Amino acid sequence: DSSVPQDWEQRQEEDTLLIERILLLVRNVLHVPPDPTEEQGVDGDASVHDRVLWALHISGMDDLLKLLASAQVEQQWALHVLEIISLMFRDQSPEELAALGQGTAGAEHGEDTRELEALRQREMAEKRARALQRPSR
């Protein structure tokens, strides 16, 4: 069955070439520089680059890239994947990305802290209730 992923030992030369060609195609598509004269739209319109990134996400290519980047046996593709990821974030400044990550993480951290505090308060109340129920000797 061709839909079942193959281990790297079982791949044939043409499978390896196909994977490399697909990665190079994705890299080359993302490498195309923006053309300001073509992208004159209303503020807030997604750029061509953003639409390509969305198409990659919808197709599941971003998950495949994460798999290739994290699998030890797929490290031969590491530089291709790194270059693709770099091109995916080329229009973003590090400050914007860090602020986005902190905003989400900060909100989640606050919510987690509130949940933990509520659980701790409930546990303390149950301990007090059990202590009062015990008969004294």
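**A pocket and a helix pair**

Q: What volume does the second largest pocket have?

A: In this predicted model, the second largest pocket has a volume of about 380 Å³.

Q: And how many residues line that pocket, and which lie nearest its centre?

A: The lining is made up of 16 residues, and those lying nearest the centre of the second largest pocket are L53, H57, D62, M88 and F89.

Q: Which elements give two or more residues to the lining?

A: Helix 2 (48-59), helix 3, helix 4 and helix 5 (94-133) each give two or more residues to the lining of the second largest pocket, and the largest share, six residues, comes from helix 2.

Q: What about the classes of residue in that lining?

A: The lining of the second largest pocket has nine nonpolar residues, three polar ones and four charged ones.

Q: Switching to helix 3 and helix 4, at what angle do their axes cross?

A: The axes of helix 3 (residues 61-70) and helix 4 (residues 78-88) cross at roughly 135°, and they come within 10 Å; the two helices are therefore oblique to each other.

Q: Is the crossing left-handed or right-handed?

A: Helix 3 passes helix 4 in a left-handed crossing.

Q: Which residues meet there, and what are they by class?

A: From helix 3, L65, L68 and A69 meet V81, I84 and M88 of helix 4, and by class this contact has six nonpolar residues, with no polar and no charged ones.

Q: Where else did M88 come up?

A: M88, which takes part in the contact of helix 4 with helix 3, is also one of the residues lying nearest the centre of the second largest pocket.

Note on methods. Residues are numbered from 1 along each chain as its sequence is written. This is a predicted model: local features need pLDDT of at least 70, side-chain atom pairs count only at pLDDT 80 or more; totals for chains, interfaces and linings use all residues. Side-chain values use heavy atoms; hydrogens and water are left out. Axes are lines fitted to C-alpha atoms, for helices over the stretch in contact, and angles run from 0 to 180 degrees between N-to-C directions. Helices (H or I, at least four residues) and strands (E, at least two) are DSSP runs, numbered from the N terminus. Angles under 35 degrees count as roughly parallel, over 145 as roughly antiparallel, 65 to 115 as roughly perpendicular and the rest as oblique. A crossing is left-handed if the near helix is turned anticlockwise from the far one by less than a right angle, and right-handed if clockwise. Contact means heavy atoms within 4.5 Å. Ala, Val, Leu, Ile, Met, Phe, Trp, Tyr, Cys and Pro count as nonpolar, Asp, Glu, Lys and Arg as charged, and the others, Gly among them, as polar. On a 1 Å grid over the protein atoms alone, a cavity is a set of points where a 1.4 Å probe fits but cannot get out, and a pocket is an open set with protein on both sides within 12 Å along at least five of seven lines; lining residues have an atom within 4 Å of a point. Grid points are joined across faces, edges and corners, and a volume is the space filled by probe spheres set on the points.
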